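Student: I am new to this structure. Please take me through some questions about it.

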Amino acid sequence: MRLTLEALETLDAIEEHGSFARAAEALHRVPSAVTYTVQKLESDMGVPLFDRSGRRAKLTAAGRVLLERGRELLRQAESLENSVKRAGHGWETQLVIAVDDIIPIEALFPVISAFDALMTGTRLRFTQEIFGGTWDALIDRRADLTVGAGGDAPHGYGLLTRQIGIIPFVFVVAPHHPLTDAPEPLLPEIVARYRSIAAADSSRRLPARSNGIQPGQEVLVVSSLAAKAAAQIAGLGVGYLPEHLARPHIEAGRLVERQVAAERSPVTMHLAWRSGEEGRALQWFRDRILEEPAIRALMGRQPP
């Protein structure tokens, strides 16, 4: 290959420093070596790269194109070199974190900010999953770490977990819904008469999970917990919501909390990842999330 990174670096230095001699000094090379590199490059490419008619060598149109495109190649080469060095020190090139819809992404913003300050070069990508989709994302390799995986981990996939905390649920209906005036506790056969609102499980490989739906009950499936809350506020159906999501609507009078005979148990939430794939970025996020005050408050845990 005729074009080399060394030749591009030489071209860049000449343009930046204004002369062959100053470029040679910046590159810690003798001027004759810089001159030879440029002449060899011009010979190989068959076009002049510098106009030498004046006191200062100026790039020709061809030289300008080569320099502009060459600088991009130099940036890519530097990025590649840094990525290799980071990988050698255990920092992943990219970390994909799947966050369950039950966890407000804003609760993780302080964690992201703290990670940015480390300047590791690891690219972050956050995705959203619902219910079993957080486990499924690990199994399907859509994510490296999941935040808010609920319940027990599926067996046989080599998944490791650390408990974050517990999320309680409340049964809520719109103020104008018929169940608002029904005697408490609401019996399952009474609840089953009215449509339930459910957020769709985002699993692709694992069987979809559902909770709080009575046998034979009609179900309206929506795309997220926020959509589920909105549908229940509109009186389109009933169901359980995470308490932290429902409470502001209850206090504002948009939803009414009702006691049911068969209460839904709180869900234990986890951080989860695949065994044997614990790079430094994953380890950092795993440990930092466990101590994040916003996450601890969400799970009802006291600061350490």
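Student: Leaving aside neighbours within four places in sequence, which residues is S196 in contact with?

Tutor: This is a predicted model. S196 is found in strand 8. Leaving aside its neighbours within four places in sequence, S196 is in contact with I213, Q217, E218, V219, L220 and V238.

Student: Is S196 buried or exposed?

Tutor: A residue counts as buried under 20% relative accessible area. The relative accessible area of S196 is 4%, so S196 is buried.

Student: Which residues of helix 8 are buried?

Tutor: Helix 8 spans residues 225-233. What covers its buried residues includes strand 7 (169-173), strand 8 (196-199), strand 9 (219-222), strand 10 (239-242) and helix 9 (243-251). The buried residues are L225, K228, A229, A231 and Q232.

Student: Why do these residues lie on the same side of helix 8, and how wide is the arc they cover?

Tutor: An α-helix has 3.6 residues a turn, so residues three or four places apart point the same way. The buried residues of helix 8 are L225, K228, A229, A231 and Q232. They are on the same side of helix 8 because the arc they cover around the axis is only 165°.

Student: Which residue just after helix 8 takes a positive phi?

Tutor: The place to look is just after the end of helix 8. The phi there is about 80°, and the residue that takes it is G235.

Student: Which residues touch the most other members of the largest nonpolar core?

Tutor: The largest nonpolar core has 39 residues. Those that touch the most other members are F171, F285, I289, I295 and M299.

Student: Which element gives the largest share of this core?

Tutor: The elements that give two or more residues to the core include strand 3 (94-100), helix 5 (109-116), strand 12 (267-274) and helix 10 (280-291). The largest share is 5 residues, and it comes from helix 10.

Student: Which residues does I289 touch, not counting residues up to four places away in sequence?

Tutor: I289 is among the residues that touch the most other members of the largest core. Not counting residues up to four places away in sequence, I289 touches L108, V111, V147, L271 and I295.

Student: What is the N to O distance in the salt bridge between E129 and R142?

Tutor: E129 is in strand 4 (residues 123-129), and R142 is in the loop between helix 6 (133-139) and strand 5. The pair links distant parts of the chain, 13 residues apart. Both residues are buried. Their side chains meet in a salt bridge with an N to O distance of 3.2 Å.

Student: Is D140 buried or partly exposed?

Tutor: The side chain of D140 meets that of R142 in a salt bridge (3.2 Å, N to O). R142 has 15% relative accessibility and therefore counts as buried. D140 has a relative accessible area of 26%, so D140 is partly exposed.

Student: How far apart are the closest N and O atoms in the salt bridge of D287 with R286?

Tutor: D287 is partly exposed, with a relative accessible area of 36%. R286 counts as buried at 10% relative accessibility. The closest N and O atoms of this salt bridge are apart by 3.4 Å.

Student: Which residues do salt bridges that share partners join into one network?

Tutor: The structure holds 19 salt bridges. Those that share partners join into one network E129, D136, D140 and R142.

Notes
Residues are numbered from 1 along each chain as its sequence is written. This is a predicted model: local features need pLDDT of at least 70, side-chain atom pairs count only at pLDDT 80 or more; totals for chains, interfaces and linings use all residues. Side-chain values use heavy atoms; hydrogens and water are left out. Buried means under 20% relative accessible area, exposed over 50%, partly exposed in between (1.4 Å probe, protein chains only). Helices (H or I, at least four residues) and strands (E, at least two) are DSSP runs, numbered from the N terminus. The arc is that of the directions from the helix axis to the C-beta atoms. Contact means heavy atoms within 4.5 Å. A nonpolar core is a set of buried Ala, Val, Leu, Ile, Met, Phe, Trp, Tyr and Cys residues joined through side-chain atoms within 4.5 Å. A salt bridge is a side-chain nitrogen of Lys or Arg within 4 Å of a carboxyl oxygen of Asp or Glu.
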